[in-house]
Amino acid sequence: MAIEKTDVVIVGVGAVGGILAAELGKAGMKVIGLERGPRLTTADFNPHDELRYFQRQELRPNWRKQPVTWRPNTGVRAHPMNILNYGNQAGGGTVHYGTLSWRMHEDDFRARSQTIERYGASAIPQDSSLADWPVTYADLEPFYDQAEYDLGVSGKAGNLQGRKIDGGNVFEAPRNREYPLPALLMDQSGVLFAEGAKKLGYHPFSSPRAIISEPYHDRPSCTYCGFCQSFGCHVGAKSSILVTKLPEADATGNFKLLTGATCYHVNTDNSGRATGVSYYGPDGSDNTIEADLVILAPFIYDNTRLLLLSKTAKFPNGLANSSGQLGKHVMAHIMAKVFAAYDDRYVNVYMGPSAQKHTIDDFNADNFDHSGLGFLRGAQISIGPADLEAGPIGTAMSMDPPPGTPKWGAAYRDFLGKYFARYGALNAQTENLAYADQTIDLDPDVRDQWGMPAPRVTYDWRRPNEVARVEFLMQKMEGVARAMGATKVWRAALSPGVPGAHHEGGTRMGNDPKTSVVNRYGQTWDIPNLFLIGSSTFPSMSGFNPTLTIQALTYMSADAIVKRYKNKPGPLV
Amino acid sequence: MTKHDASRRAFLVRAAVGAGAAAGAGLVPDAIAQNHDHMEGGAAAPGAQHPSGSEHGAFFNHADAATIAAFTERLMPSAPDKPGARDADVLNYIDLALAGAYAELQDFYRRGLAQLEAYCRGTYKEPFVRLKPEQQDEVITALENGKATGFAYPTAREFFGILRTHTMEGMFADPLYGGNKDFAGWRLVGFPGAQAVFTPSDMQSKQAFSREPIVGLQTIAKGPAGRA
């Protein structure tokens with residue numbers, strides 16, 4: 001059993017861990033990062049292979065070895081989910097993600113207050129735990145800016161210091177300066193979507209993405225090959241942690257990355273202080289790292305799981321759980337979809353960055369009046385392929401044929417043969433509300449390859465508020481699809497209650513130790529030298545992909561650790 | 001590609017041809033019509049019409065191969081200028097996958113095939129490969145809707161779902177994996193493969209993309225990606 005000592009140990013070296021490794025390393029702190037998977041390079045991603053990376057999910061956890069189980073309610077047994085939407089290598093999900101890089105709206109940070117002010121408290125579903133964040137957009141703006149410029153995000157501003165700009169997102173919160181890189185080129189699905197949306201008076205714009213449209217920081221620009229979501233980038237134009245922060249962390253001389261290292265326990269002492277972590281090495285060895293500062297930055301399930309597994313006599317309900325909120329308020333996006341297909345032209349949606357290419361924000365957040373609609377909050381609506389990647393396997397798996405056409409046989413063959421290159425899919429990424437009974441806990445029946453109980457998600461998105469919102473958005477998307485001049489317009493089937501993309505919550509942040517697990521910096525209220533950083537801390541989720549907000553929060557936490565905590569360890573709030 | 005030895009190739013080709021014969025005329029070679037249970041376990045039946053011991057799939061025995069070939073061909077039928085499962089060699093893809101990446105599904109397939117045969121014999125008094133195409137479609141529909149009786153593990157829906165998924169993988173995965181023969185699947189839908197670059201003018205086109213070649217992991221093919 002090896003024991004190592006360090007200043008900081010980070011569990012999970014992905015979107016969060018990579019930034020922390022570089023920023024804390026630059027400040028002279030000795031950092032060890034534990035990463036469950038391998039460290040790959042850009043050369044590993046050439047040529048592209050849809051079977052391997054999309055269908056067999058090689059950049060994601062193997063659900064048989066590292067199961068996460070799901071059940072719609074507490075009355076039934078949970079079963080492993082066969083798609084896990086996060087990464088399993090250094091760089092984490094940023095290696096294979098679609099790169100959507102959003103700043104949340106001002107009202108996304110105060111959805112509860114905004115709702116009460118505009119619609120009254122009774123508008124909030126009684127069983128929802130909708131809450132404001134302990135941080136405002138204005139607090140986070142400098143760190144959004146830092147993330148965009150440090151990592152490399154392409155887009156066009158729609159609100160520069162309050163000045164609205166056509167062609168950008170006019171609903172976005174005011175930004176201090178333009179994006180570091182111009183918007184990516186439009187593909188034909190984006191052109192059609194923009195034309196249709198404008199006809200209806202909406203405000204389409206190129207989705208901001210962490211893919212560089214021009215050479216940046218010694219990296220070459222995007223080649224528009226289309227292999228983004230599910231794939232590593234073959235030229236390094238995707239601003240993943242692999243090509244941005246990890247080289248920077250290496251250069252500090254203060255960072256050590258341990259791959260194949262699975263953390264199984266957070267160690268604490270009788271004084272209630274974290275002393276480090278224990279992990280299994282790639283050879284099955286049992287090892288311990290002693291650290292002054294412990295930061296958990298895995299995907300959301302493992303925050304809750306590790307804290308529950310690390311319970312002691314002093315922390316009988318799991319670490320950092322004096323509030324009783326650990327594992328609660330879990331959220332996920334649902335992707336409601338409408339297909340638009342053309343008999344008279346090609347669309348070739350497989351060209352260009354694949355995910356959520358062009359957007360309207362008109363029906364997101366509180367950008368529209370919800371009076372009388374029977375639901376709160378909205379969705380980002382975008383155009384792209386059926387399942388965020390556009391290859392033929394993904395299309396065959398995810399593109400439901402129109403009503404009346406079977407999913408196999410000669411008619412299906414002809415459908416796929418005709419429309420594979422002649423369609424676009426509109427996608428509403430819904431902001432589902434938080435509910436306290438949507439939870440993560442330890443599965444009593446299923447264990448992973450190391451013998452640890454699997455994280456178990458209890459979740460069903462089909463709440464009245466959510467169902468009403470999806471129907472509203474479906475109708476809006478059908479309207480846009482028709483305005484796009486599509487020959488055929490039809491809805492995709494909705495998922496059963498299973499959580500969709502971007503799982504969030506479980507270690508909610510707040511201003512009050514009685515109702516939250518961590519403060520605005522991700523510092524646990526109960527154990528000041530234990531931090532949890534990532535989307536597990538989100539009190540609400542917005543209709544946007546979470547990564548840039550996760551990264552902005554990470555820069556903010558790194559700043560507070562370097563400027564304040566490093567010299568005077570203790571509560572930051 | 002050591003698994004692509006000549007005898008295995010012959011085995012698979014014959015199974016696929018058998019499927020075509022079944023679909024075309026309702027007739028199959030006696031070897032293919034052997035009782036599934038009899039063939040289970042790899043015991044080669046005696047007689048000239050049976051495969052010799054050296055002719056085998058990477059996973060499937062001859063009878064199972066014939067069933068899979070016939071089933072997948074109904075899921076994605078071949079027609080002139082419209083490549084289907086037989087043209088793409090979907091059987092070869094699934095056979096290789098079950099001997100490798102999907103080895104954990106071997107039992108799933110064995111049990112699923114046995115249940116399928118029992119269902120067909122119970123309902124039609126014939127194995128799946130001997131049924132007329134319309135009857136085969138009835139069987140597949142019953143699986144898809146969970147109406148086929150006698151399925152426990154896998155359930156009828158699960159078996160249908162995996163067979164559909166693996167058929168699509170065999171149609172559209174890179175030919176390196178044994179299916180999508182000569183880019184048959186990619187030609188069907190007009191997918192140009194793993195192109196490293198699309199140009200601004202590619203992105204502006206309202207036409208089918210037709211620049212040669214189709215790009216695969218090990219091979220490239222001349223000729224337009226789309227159908228002629």
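The following questions and answers walk through selected features of a predicted model.

The model is predicted, with local features needing pLDDT of at least 70, side-chain atom pairs counting only at pLDDT 80 or more, and totals for chains, interfaces and linings using all residues. Residues are numbered from 1 along each chain as its sequence is written, chains are lettered from A in the order in which they are written, and side-chain values use heavy atoms, with hydrogens and water left out.

Visitor: How many helices and strands does chain B hold?
Guide: Helices (H or I, at least four residues) and strands (E, at least two) are DSSP runs, numbered from the N terminus. Along the sequence, chain B reads α-α-α-α-α-α-α-α-α-α-β-β. The totals for chain B are therefore 10 helices and two strands.

Visitor: At what angle do helix 3 and helix 6 of chain B pack?
Guide: Two packed helices are described by the angle between their axes and the distance between the axes. The axes are lines fitted to C-alpha atoms over the stretch in contact, and angles run from 0 to 180 degrees between N-to-C directions. Helix 3 (residues 62-75) of chain B and helix 6 (residues 106-124) of chain B have axes 11 Å apart and pack at an angle of about 75°.

Visitor: Which residues of helix 6 of chain B meet helix 3 of chain B?
Guide: Contact means heavy atoms within 4.5 Å. From helix 3 of chain B come B:Asp64, B:Thr67, B:Ile68 and B:Phe71, and these meet, in helix 6 of chain B, B:Tyr109, B:Leu113, B:Leu116 and B:Glu117.

Visitor: Which residues of helix 3 of chain A are buried?
Guide: Buried means under 20% relative accessible area, exposed over 50%, and partly exposed in between, with a 1.4 Å probe and protein chains only. In helix 3 (residues 111-119) of chain A, the residues that count as buried are A:Ala111, A:Gln114, A:Thr115 and A:Tyr119.

Visitor: How many residues of helix 7 of chain A are buried?
Guide: Helix 7 (residues 300-309) of chain A is largely enclosed by the rest of the structure. Its buried residues include A:Ile300, A:Asp302 and A:Arg305. The number buried is nine of the 10 residues.

Visitor: How far apart in space are A:Leu200 and A:Gly479?
Guide: A:Leu200 lies in the loop between helix 5 (188-199) and strand 7 (205-206) of chain A, and at 39% relative accessibility A:Leu200 counts as partly exposed. Leaving aside neighbours within four places in sequence, A:Leu200 is in contact with A:Gly479, A:Val480 and A:Ala483. A:Leu200 and A:Gly479 are 279 residues apart in sequence, and their C-alpha to C-alpha distance is 8.3 Å.
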